[in-house]
Amino acid sequence: MKKTDQILFFAFSVCILFLPLILKESYILHVFVFIGINTMLAIALNLLLGYAGQISLGQGALYGLGAYISAILSAKYGVNPWLGMGVSAVIVSAVAFIVGFPILKLRGHYLAMATLGLGIILYIIFNETVDWTGGPSGFPGIPNLKLGSLTFDNDVANFYLVWFFALITMFLALNLYQSRIGRALRAVSDSEVAARIMGVDAWLLKVKIFAASAFISSLAGSLYAHTVTFIAPASFGFNFSVELLTMVVVGGLGSVFGSFLGAAILTLLPEWLRVFHDFDIVIYGLLLILIMMFMPRGLAGLVSHLKAKVYVESK
Amino acid sequence: MQSQVFRLSILLAAIIFLFVPAQAAEIVKLGALFSVTGPPSFLGEPERNTAQMMVEKINKGGGVKGKKLELIVYDTQGDPTKANQAADRLIKEDKVVAIMGPSTTGETMAVIPLVEKAQIPLVSCAAGIKITEPVKKWVFKTAQNDSLAVEKIFQHLKEKKINKVAILTVSDGFGSSGREQLKIHAPKYGIQIVSDDTFGPKDTDMTAQLTKVKGTQAQAIICWGTNPGPAVVARNVKQLNLNIPLYMSHGVSSKKFIELAGEAAEGIILPSGKVLVADLLPDKDPQKRHLLSFVQEYKARFKTEGDHFGGHAWDAVMLIKNAMENSGFTPAAIRDGLEKTKNFSGIGGIFSFSPEDHAGLTVDAFVLVQVRNGTWALVK
């Protein structure tokens with residue numbers, strides 16, 4: 001990990017640690033629980049899209065699969081939720097690993113179509129297997145996570161729970177970027193042919209990173225299920241996959257902190273824009289267009305651009 | 001350019017400032033969660049419109065016991081996650097005394113853990129039976145249970161001595177709930193389901209499923225869905241010359257269905273909330289007065305006819321108002337007041353809540369209607 005990233009990560013963690021003290025009982029704290037979950041999801045997608053240059057429009061469904069497996073194991077079979085979380089993450093990454101072999105041979109639009117198909121198939125399964133998932137009207141009564149005598153059933157506890165996992169994800173993703181695998185991934189992203197000539201097994205590497213991405217998405221799904229205690233397919237549809245894609249692109253491709261910024265902006269913005277009543281969606285869309293027009297490298301790109309500018313001027 | 005944007009935003013801010021009412025001691029805050037946009041916007045929009053219309057009307061008439069109501073509406077976009085976030089905001093930031101909505105069952109279920117914990121009464125506008133069964137202390141609902149519509153159809157089938165039916169349901173929340181209820185209640189009325197098929201919400205041809213029905217001994221078809229699927233079913237039934245009665249659900253009880261199905265709609269029987277046929281009801285019907293005034297007021301303001309979806313919000317607003325008048329303005333008082341409501345005639349039916357029943361309606365909430373000459377007629 002780069003020195004600057006280390007410092008930034010440490011500062012960020014400290015900020016997160018003290019955030020509940022500032023926000024106290026505000027609803028913003030509740031929103032930050034979702035920002036934590038979305039940050040994990042955005043990083044998971046960023047590993048694919050930003051690092052390896054592979055698009056996925058099925059992330060929302062993998063997230064949902066994790067949530068549903070966790071919910072079914074804990075609410076129907078009384079499995080310990082922590083264990084259920086682990087089991088569902090292993091299952092979901094195994095599914096991604098197996099499906100990844102044929103799918104990740106594809107490139108560009110074809111890959112987008114295939115992952116979109118995967119997402120739609122899973123979405124239909126959530127809706128149709130009513131006996132297992134409760135169908136379109138959802139799955140209620142999922143137990144909260146417990147640690148000794150502490151039950152994660154309030155915003156402060158959930159905040160620390162979710163951000164514990166989100167920070168670990170950020171830390172690992174930052175580490176990966178500068179590692180041998182990270183370099184190989186970026187090589188695949190730049191030119192798959194060149195990477196293969198240099199001895200990188202591009203196909204296997206893409207499948208592995210897809211499985212890793214599914215693992216993180218599944219954990220995020222389990223966290224969602226156990227904190228909200230209710231899940232329904234509408235939360236895991238195509239719209240959400242696109243929202244995740246927007247988070248990553250707005251935040252900045254390949255940037256871990258960018259993923260956080262993207263997740264935070266896209267989760268908070270609708271809350272701020274509520275004052276505009278019926279026009280909130282129009283303004284929301286306009287802001288996204290403006291961000292893409294003037295910051296093609298996302299919010300993280302803007303930050304590094306400003307930094308470079310200050311650096312040059314101070315010389 | 002930049003200064004223009006700046007000026008425009010100042011102007012916008014000023015407009016918003018004008019519309020936000022000044023804080024005063026006599027204001028009671030009510031929250032509302034409707035999916036004004038997103039796939040269920042056909043529910044959320046009339047609900048939002050009706051709630052705003054009714055709150056304004058109450059305020060013009062002097063408020064509730066001299067206190068003015070303030071309605072805070074958040075759009076949930078049909079997404080349970082967004083509904084959950086918005087409910088938390090209503091509770092913690094806006095500090096509302098009661099919440100009406102959300103529009104769909106999934107969103108309502110996502111909000112229930114929050115309101116139960118914060119002890120704020122919720123009057124949902126969704127129909128799912130899971131919402132009030134088992135009974136939750138702080139949760140009520142105004143939309144009729146699907147089981148009531150199912151029983152209304154089965155009663156009619158029994159009178160007609162029909163005992164073998166084919167069911168065809170849409171694969172979404174509405175359809176799966178209907179399918180479940182059809183299967184649960186059929187044995188009670190001595191009805192046998194000889195064919196059980198589903199269709200996708202966006203399917204444009206159901207001849208495959210209906211050809212299968214043709215090969216069975218079905219004496220009637222019950223189709224459960226919301227527009228546009230059932231209109232396709234109606235057309236396909238005519239094309240295949242299936243000469244058996246076709247029943248639909250209350251999901252298509254709107255003029256839109258007759259428009260979509262055209263000629264093929266003739267003769268179809270379905271259960272409907274009374275709002276659809278308000279002017280045809282006998283004068284002694286206790287709901288008639290409210291129904292007519294709701295339909296007319298809605299039409300005068302929004303240029304379309306008030307439907308039963310808006311009616312769910314009408315009922316939610318008026319039930320909460322009624323509870324406030326009788327019991328008081330704190331969340332706990334409103335909850336107790338709601339639970340004590342007896343024989344309240346609203347749009348969806350006549351509500352009587354009790355500690356064991358937070359749905360409050362009976363089979364009488366529905367009437368059977370038939371399409372005759374391109375319009376609705378009451379089935380006696």
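Visitor: What makes helix H11(A) count as mostly covered?

Guide: Ten of its 14 residues are buried. This is a predicted model. A residue is called buried if 20 or more other C-beta atoms lie within 10 Å of its own. In H11(A), the residues that pass include A:Phe240, A:Leu244, A:Leu245, A:Met247 and A:Gly251.

Visitor: Which elements do the buried residues of H11(A) pack against?

Guide: They pack against H2, H3, H5, helix H12 (256-272), helix H13 (280-294) and helix H14 (298-314) of chain A.

Visitor: Why is A:Ala71 called buried?

Guide: The cut-off is 20 or more other C-beta atoms within 10 Å. A:Ala71 has 30 such neighbours inside 10 Å, so it counts as buried. Its place is in helix H3 (residues 59-76) of chain A.

Visitor: Which residues is A:Ala71 in contact with, leaving aside neighbours within four places in sequence?

Guide: A:Phe139, A:Ile142, A:Ala225 and A:Ile231.

Visitor: And why is B:Gly63 called partly exposed?

Guide: Buried needs 20 or more neighbours, exposed means 12 or fewer, and partly exposed lies in between. B:Gly63 has 17 other C-beta atoms within 10 Å, so it is partly exposed. This glycine sits in the loop between H2 and S2 of chain B. Beyond its neighbours within four places in sequence, B:Gly63 is in contact with B:Ile58, B:Lys68 and B:Leu69.

Visitor: How many residues of each chain are in contact across the two chains?

Guide: 24 residues of chain A are in contact with 25 residues of chain B. A contact here needs C-beta atoms within 7 Å.

Visitor: Which elements of chain A give two or more residues to that side?

Guide: Helix H2 (27-51) and helix H5 (108-128) of chain A. H2(A) gives the most, with four residues. By class, this side of chain A has twelve nonpolar, eight polar and four charged residues.

Visitor: Now chain B. In what order do the five strands of the open sheet stand?

Guide: The order is S2-S1-S3-S4-S5, and the pairing is parallel.

Visitor: What makes S2(B) and S5(B) stand at the edges?

Guide: Strand S2 (68-75) and strand S5 (139-141) of chain B each have a single partner strand, so one side of each is left without a neighbour in the sheet. The twist averages 25° from one strand to the next.

Visitor: How do you know that S4(B) and S5(B) pair?

Guide: Two strands pair if there are at least two bridges between them. Strand S4 (residues 122-124) of chain B and S5(B) have three bridges, in the parallel sense. B:Val123 stands opposite B:Phe140 in S5(B).

Visitor: Which helices pack on this sheet?

Guide: Helix H2 (residues 41-60) of chain B packs on the sheet, touching strand S1 (27-34), S2 and strand S3 (98-100) of chain B. Its direction makes about 165° with that of S2(B). Helix H11 (residues 308-327) of chain B also packs there, touching S1, S3 and S4 of chain B. The direction of H11(B) makes about 165° with that of S3(B).

Visitor: What makes S1(B) a partner of S2(B)?

Guide: They pair in the parallel sense over eight bridges, where at least two are needed. B:Lys29 stands opposite B:Glu70 in S2(B). S1(B) is also mostly covered, with six of its eight residues buried.

Visitor: Why is strand S6(B) called largely enclosed?

Guide: Six of the seven residues of strand S6 (residues 164-170) of chain B are buried, so the rest of the structure largely encloses it. S6(B) pairs with strand S7 (residues 192-199) of chain B in the parallel sense over seven bridges. B:Leu168 stands opposite B:Asp197 in S7(B).

Visitor: One last helix. How do you know that the span of H4(B) agrees with its 14 residues?

Guide: At 1.5 Å a residue, helix H4 (residues 105-118) of chain B should span 20 Å. Its end C-alpha atoms are 20 Å apart, which agrees.

Visitor: Where does H4(B) have a kink?

Guide: At B:Val111, shortly before the proline B:Pro113. The kink is about 35°. Both B:Val111 and B:Pro113 are buried. H4(B) is mostly covered, with eleven of its 14 residues buried. B:Gln119 follows the helix, and its phi is positive, near 60°.

Definitions and conventions. Residues numbered from 1 in each chain as written. Chains lettered and ligands numbered in written order. Predicted model: local features only at pLDDT ≥ 70, side-chain atom pairs only at ≥ 80, totals over all residues. Expected span 1.5 Å × (residues − 1). Bend = angle between axes of the 7 residues up to and from the residue. Axes fitted to C-alpha atoms, helices over the stretch in contact; angles between N-to-C directions. Nonpolar A, V, L, I, M, F, W, Y, C, P; charged D, E, K, R; others polar.
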